[in-house]
Amino acid sequence: VKKQRQSKKKIDNPISINRSFKNLRRVVESAVSNADNKALLSITLTYKNDCTDTDQLQHDFDIFLKRLRRYVKSHFNNAFFSYIKVFEPYENPDEHNKPRWHIHLLTIGLYYIDRNIVAKLWKQGGPNSVFVKPLKDRDPLSVAMYYTGYINTDEDLPEKTKSIAKRISKKQRLEMYPRNFAIYSTSRSIKPVRWHKVKMQDIIDKYPDAYVINSAGRDVKNN
């Protein structure tokens, strides 16, 4: 019996990678929809010296997260935050054709943290190695599309959203994800999202007192 050669790239399983990014979009959209939209931060962590080792990447993030939690607990009156973390390669690999990684972190529950503080907690470069951007009053779907790009844009998304997603397309980076690599993870407080396609009229009939809280993602809250 001839052994089937296992792929070394995640993109060789398009169903799996599309499912991962679709789930990521829905998780981000749901988290932003249900959060205080003034307590959202987008944090990007980069390296002064390129990181091409995914084990090292995970280790560095774990250490940073511990430091961040410790800092928040001691400086923000025991404030609690949840997070969604995304590992992403740059478009161009290093001289040995290895992916160069950076980290996107969406925090829910923090209003602001100084960029210099984040850099000291990250310890992989100076202030230029981190970027902190408040996402005050941002549309949940536009935030979600930033984190997923035009990788698997659903056909039923609004045309304006598709246009935005195309401009931040990250399809070319899919080649760089190794097999069995976890593209994203969340804190335990972020619950998995269960989505069902239904007609809006069916929802109105079932929940007459409900109101739409996110028209793009069709999130509905029942009174």
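1. Confidence. The model is predicted, with a mean pLDDT of 81 for the chain and 80% of residues at 70 or more. Helix α3 (residues 115–122) has the highest confidence, at 97, whereas strand β7 (residues 219–221) has the lowest, at a mean of 46. Over residues 213–223 pLDDT stays under 50, and the model has 32 contacts beyond four places in sequence for that stretch.

2. Layout. Six helices and seven strands make up the secondary structure of the chain. Their order along the sequence is α-β-α-β-β-α-β-α-α-β-α-β-β. Among contacts with a separation of 6 or more, 70% are between residues 24 or more positions apart.

3. Burial and surface. Of the 223 residues in the chain, 41% are buried.

4. Helix α2, geometry and ends. The 22 residues of α2 (residues 54–75) span 31 Å from first C-alpha to last, which is close to the 32 Å expected at 1.5 Å a residue. At the start of the helix, a side-chain oxygen of Asp-53 comes within 2.8 Å of the backbone nitrogen of Asp-55. After the helix comes Asn-77, with a positive phi near 55°.

5. The buried residues in α2 are Leu-57, Asp-60, Phe-61, Phe-64, Leu-65, Leu-68, Tyr-71 and Val-72. They lie on the same side of α2 because the arc they cover around the axis is only 140°. The cover over these buried residues includes strands β1 (40–45), β2 (82–89) and β3, together with helix α3. On the face turned away from the buried side are the exposed residues Asp-55, Lys-66, Arg-70, Lys-73 and Ser-74.

6. Thr-107. This residue belongs to strand β3 (residues 101–108). Thr-107 counts as buried because its relative accessibility is 0%, under the 20% cut-off. Beyond its neighbours within four places in sequence, Thr-107 is in contact with Ala-39, Leu-40, Leu-41, Ile-43, Phe-81, Ser-82 and Tyr-83.

7. Arg-100. The loop between β2 and β3 holds Arg-100. With a relative accessible area of 18%, Arg-100 is buried; the cut-off for that class is under 20%. The side chain of Arg-100 makes a polar contact of 3.5 Å with the side chain of Asp-50, and it reaches the backbone oxygen of Asn-92 at 2.9 Å. With neighbours within four places in sequence left aside, the contacts of Arg-100 are Asp-50, Cys-51, Thr-52, Glu-88, Pro-89, Tyr-90, Asn-92, Pro-93 and Asp-94.

8. Pro-127. This residue sits in the loop between α3 and β4 (130–134). Pro-127 counts as partly exposed because its relative accessibility is 38%, between the cut-offs of 20% and 50%. Along the chain Pro-127 and Arg-115 are 12 residues apart, and their C-alpha atoms are separated by 6.5 Å.

Definitions and conventions: Residues numbered from 1 in each chain as written. Heavy atoms only, no water. pLDDT = per-residue confidence, 0-100. Helix = DSSP H or I, 4+ residues; strand = E, 2+ residues; numbered from the N terminus. Contact = heavy atoms within 4.5 Å. Buried < 20%, exposed > 50% of the residue type's maximum accessible area, 1.4 Å probe, protein only. Expected span 1.5 Å × (residues − 1). Arc of directions from axis to C-beta. Polar contact = N/O pair within 3.5 Å; in protein donor to acceptor, adjacent residues only side chain to side chain.
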